[in-house]
Amino acid sequence: MALTLYVDTARWRAHHKHVSEQFPGLVPVCKGNGYGFGHERLADEATRMGSDVLAVGTTYEAARIKDWFGGDLLVLTPFRRGEEPVPLPDRVIRSVSSVDGVYGLVGARVVIEVMSSMKRHGVSEQDLPQLHAAIENVRLEGFAIHLPLDRTDGSDAVEEVIGWMDRLRAARLPLHTMFVSHLKAQELARLQQQFPQTRFRARIGTRLWLGDHDATEYRGAVLDVTPVSKGDRFGYRQQKVASDGWLVVVAGGTSHGVGLEAPKALHGVMPRAKGVARAGLATVNRNLSPFVWGAKQRWFAEPPHMQVSILFVPSDAPEPKVGEELVAHLRHTTTQFDRIVER
């Protein structure tokens, strides 16, 4: 019995088609754990979509995925001198975020990242005069800008891109292709209209693979159900049960990513208050699990084990049965499933 990822394949692929139509020239992104689906599966889906370029996170990912995808591979992590060399085919394109990085990739295919308001990495406006000489010895595939998801200052994403387009044009640098991230479809259309000689290519991962939440669902199989009474001791730490009910052993533990969810940014008073409440409950070993039974998320009876979790289901809920499955609200990018089922 397993932690299973169920995929409504027809619906999932219909969403891919919808996103592709909104973003002509889209570059799918496949990095990390493959957004929960795995690199091989997403490489197949990108091929099915007719993509000529697939973006990956690192050179190590490019080395693993090169045999599954026949088009170009764009490595998103910028090149740094002194990095471990990884044998890669000529169809791999390296991102570069410094003039020195460009000089270090003589003969290579490169995309030059510019510094956005993310302030993560990228060449600055002051670097642009030096790029003329640097790009003579590389094969420039274009420039790229990685934009923030939220704009709390009210600034305009399109205006930020336009600002960089104007700087690059003033520096007399080639503007045949600009790779962009985190733009809306209408924003991309505005840019394409304003700069018809430049091809804008949106690099999209989350919105493409995970944008239709109802196309996928995780479920953990019930492995054992043990009735308990208030005061009974259980588990590794021999804690006491707070009330009558059942201890439910369900597939899905720390090796799957259960209980290891990445931190979330909280906005607004209510989400912050809920976050504080959850933190307070955790100090007394009360942690809400991602598993749902009887239309409610159930509490961990104790911290999840490596491959299973033990939940407490109170006696006022229906009794779970071995072999039934519990829906699990898990984050795709931190979850490893046992099996995938197409439906």
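Leu74 stands opposite Ile93 in β5. That pair sits where β4, residues 72–75, meets β5, residues 92–96. The two strands run parallel and are joined by three bridges. The model is a predicted one.

Now widen the view to the sheet. Strands of a sheet pair through backbone hydrogen bonds, either parallel or antiparallel. Here eight strands form an open sheet, and the pairing is parallel. The order is β2-β9-β8-β7-β6-β5-β4-β3. β2 (27–28) and β3 (53–56) stand at the edges. Each has a single partner strand, so one side of each is left without a neighbour in the sheet.

Next, a helix on the sheet.

Then turn to helix α1, residues 9–22. At 1.5 Å a residue, its 14 residues should span 20 Å. The end C-alpha atoms are 20 Å apart, which agrees.

Which residues of α1 are buried? They are Thr9, Trp12, His15, His16 and Val19. These residues cover an arc of only 125° around the axis, which puts them on the same side of α1. An α-helix has 3.6 residues a turn, so residues three or four places apart point the same way. On the other side of α1, Ala10, Lys17 and Glu21 are exposed.

What covers the buried residues of α1? The cover includes the strands β1 (3–7), β9 and β18 (339–342). It also includes the helices α2 (39–48) and α8 (206–210). β9 also belongs to the open sheet, between β2 and β8.

Definitions and conventions
Residues numbered from 1 in each chain as written. Predicted model: local features only at pLDDT ≥ 70, side-chain atom pairs only at ≥ 80, totals over all residues. Heavy atoms only, no water. Pairing = 2+ DSSP bridges. Helix = DSSP H or I, 4+ residues; strand = E, 2+ residues; numbered from the N terminus. Expected span 1.5 Å × (residues − 1). Buried < 20%, exposed > 50% of the residue type's maximum accessible area, 1.4 Å probe, protein only. Arc of directions from axis to C-beta. Contact = heavy atoms within 4.5 Å.
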